[in-house]
Every structure is written in structure tokens, then in C-alpha cells.
Amino acid sequence: MAYDSTNIFARILRGEIPCKKAFEDDHVLAFHDIHPQAPTHILVIPKGAYVSAADFGATASDAEIAAFTRAVARIAAEAGVEGSGYRLISNHGPDSHQEVPHYHVHILGGRPLGRLVTPL
């Protein structure tokens with residue numbers, strides 16, 4: 001999947017579409033999902049143009065990777081879900097239903113989330 005600079009997250013990063021920010025630094029933007037699947041549902045995106053976790057891991061700088069990892073932990077703590085627990089989800093490709101071709105992590109929490117996947 002090639003990076004599409006017109007994807008919704010790229011447009012949010014450029015300020016073309018508003019978002020409810022949860023966190024921002026030089027490398028990361030986090031914002032509340034407009035269709036939350038849990039009481040806490042925050043999307044965390046790198047500011048660079050990365051399609052997936054594989055792309056991010058292979059081509060992002062060490063500073064970007066460290067900033068992203070630290071931001072996810074900080075955002076979960078600031079959202080108040082660190083103590084009760086939370087789930088991180090990052091979809092990659094069509095089988096996972098990745099909808100936006102910009103690497104992102106969902107932080108979900110605030111209630112029991114049930115099983116990760118349904119058994120076969």
C-alpha cells in the first residue's frame with residue numbers, strides 16, 4: 001500500500017480537518033476518535049508519512065520511534081486507563097480492515113473490552 005497524502009490523517013496533520021487533540025509533540029499527534037468503540041478511544045499517529053507499522057519500523061528515525069512509543073504510554077496514563085488496562089490496536093492491510101493508509105495506533109479502554117478476536 002502506497003502512502004496517500006490525501007488520506008484523512010494527513011489532512012488532519014495539515015490542519016485541513018479539525019480534531020479533538022489529546023496530545024501533540026514534534027513527532028506525534030493524538031486525537032479522540034470521532035466514532036469511539038470504547039469510553040476511551042484515542043488515535044495516535046506519527047507526523048511522518050508512514051503507511052503501516054512495518055513501514056514505520058523500517059524507515060522512521062530512532063527519534064520518531066522512541067517518541068511514538070513514549071507518547072502511547074503517556075497518553076494512556078493521561079487518559080486514566082493505565083490502572084484498569086487498555087488495548088492497543090494497529091491494523092495493517094486489507095485483512096485487518098485498515099481504513100486509513102497512515103500508520104496509527106488505537107488506544108481503547110475505560111471498560112472491559114472482551115476477547116481480542118473470536119476463536120475460529
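Mentor: Here's a walk through the pocket, then a loop next, then the cores.

This is a predicted model, where local features need pLDDT of at least 70, side-chain atom pairs count only at pLDDT 80 or more, and totals for chains, interfaces and linings use all residues. Residues are numbered from 1 along each chain as its sequence is written, and side-chain values use heavy atoms, leaving out hydrogens and water.

A pocket here is an open set of points on a 1 Å grid over the protein atoms alone, where a 1.4 Å probe fits, with protein on both sides within 12 Å along at least five of seven lines. The largest pocket holds about 690 Å³ of space, counting what is filled by probe spheres set on the points. It has 31 lining residues, meaning residues with an atom within 4 Å of a point. Closest to the pocket's centre are Asp33, His35, His41, Leu43 and His106.

Helices (at least four residues) and strands (at least two) are DSSP runs. Helix H1 (8-13) gives the largest share of the lining, 3 residues, while strands E2 (28-32), E3 (40-46), E4 (86-89) and E5 (105-109) each supply at least two. By type, the lining divides into 15 nonpolar, 10 polar and 6 charged residues.

Now for the loop between E4 and E5, where you'll find His104. An unreviewed UniProt entry annotates His104 as "active site", though such annotations may be inferred rather than shown by experiment. His104 counts as buried (under 20% relative accessible area) because its relative accessibility is 6%. Skipping neighbours within four places in sequence, His104 is in contact (heavy atoms within 4.5 Å) with Phe9, Leu43, Val44, Ile45, Ile89 and Ser90. His97 is in the loop between E4 and E5 too, but His97 is exposed at 62%, where exposed means over 50%. Though not a glycine, His97 has a positive phi of about 70°.

Val44 leads us to the largest nonpolar core, being among its residues with the most contacts inside it, along with Phe68, Ile75 and Ile107. A nonpolar core is a set of buried Ala, Val, Leu, Ile, Met, Phe, Trp, Tyr and Cys residues joined through side-chain atoms within 4.5 Å.

How values were computed: Nonpolar A, V, L, I, M, F, W, Y, C, P; charged D, E, K, R; others polar. Buried < 20%, exposed > 50% of the residue type's maximum accessible area, 1.4 Å probe, protein only.
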